[in-house]
Amino acid sequence: MPHRKTAPSANQALELMKEGNERFINGLRSVDSMMRSQDLAELAERGQTPFVILLSCADSRVPAEILFDRGPGDIFVCRIAGNVATPAIMGSIEFAAEQFGTPLCVVMGHTRCGAIKATLQSLLAPPNSLPKPSANLEAVVREILPAASRALREHPHLGDPGELGRATDEAAITNVQHTLDTLQEKSEVIRGLVASGRLKLAGAVCDIATGRVSFISE
Ligand SMILES: [Zn+2]
């Protein structure tokens, strides 16, 4: 949409995400996203108006623009291991939503997430049996802990040995919901934008084996 005249609504933005992902999983690429390199100069001059803010994991298997068949100027991407809502991430989302009037923010987790698996392992392992992570990595794990604990509480059988894979995927969903809650709890700006109808929050999970993105809460 390089020459878009009016900004899409949140629901239209959500449809654009779904349609783009459908093209990707069918092996299609839109001419629009392929030709976008020709629009870079205009985009630089005019400024960006991304139609969606995407908070996703840093995992190399969830490449935002490729998964949604979009090009430069479309998606304001915030990526961090475990798609957690740190102060810097929330500041980035606030910035985009206020500066560009972006109507939709999607928090996207994914299957087989290493950050979530490591957090579950730290919860399930006997005390002091695992090597201590660095303080920086610890900060990521700390953000994921509430969601990982909740997933184990709600599905106690997933704490069994041999269930770590399923537990990881279940906790990915819980973690997306937790991040959505945190965005509203800890950011007055995001809470205000949502309350006034200027920003819609949605959750999604990408199956990294197929590339299919399922929207779990809209
Ligand atoms: Zn991940």
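Ground rules. Residues are numbered from 1 along each chain as its sequence is written. Because the model is predicted, local features need pLDDT of at least 70, side-chain atom pairs count only at pLDDT 80 or more, and totals for chains, interfaces and linings use all residues. Helices (H or I, at least four residues) and strands (E, at least two) are DSSP runs, numbered from the N terminus.

Start with helix α5. Helix α5 covers residues 87-100, 14 residues. The expected span is 1.5 Å times one less than the number of residues. That gives 20 Å, and the end C-alpha atoms are 20 Å apart, so the two agree.

Which residues of α5 are buried? Buried means 20 or more other C-beta atoms within 10 Å of a residue's own; exposed means 12 or fewer; partly exposed is in between; C-beta atoms are placed from the backbone. The buried ones are I89, M90, I93, A96 and A97. Seen down the axis, they fall within an arc of 125°, so they line one face of α5. The arc is that of the directions from the helix axis to the C-beta atoms. The general rule: an α-helix has 3.6 residues a turn, so residues three or four places apart point the same way. On the other side of α5, P87, A88 and Q99 are exposed.

What do the buried residues of α5 pack against? Three strands: β1 (52-56), β2 (75-79) and β3 (104-110). Also two helices, α8 (164-186) and α9 (188-195). Contact here is C-beta atoms, placed from the backbone, within 7 Å.

Next, positive phi. G101 follows α5, with phi near 65°. Two others are not glycines. N83 has a positive phi of about 35°. N83 sits in the loop between β2 and α5, and is buried because 31 other C-beta atoms lie within 10 Å. R112 has a positive phi of about 55°. R112 is in the loop between β3 and α6 (114-124). With 15 C-beta neighbours inside 10 Å, R112 is partly exposed.

Now the hairpin. β4 (200-206) runs antiparallel to β5 (213-217), joined by four bridges. Strands pair if DSSP finds at least two bridges between them. V205 stands opposite S214 in β5. Six residues lie between the strands, and G211 takes a positive phi near 85°.

Last, R198. R198 lies in the loop between α9 and β4. R198 is partly exposed, with 14 other C-beta atoms within 10 Å. R198 and E185 are 13 residues apart in sequence, and 17 Å apart C-alpha to C-alpha.
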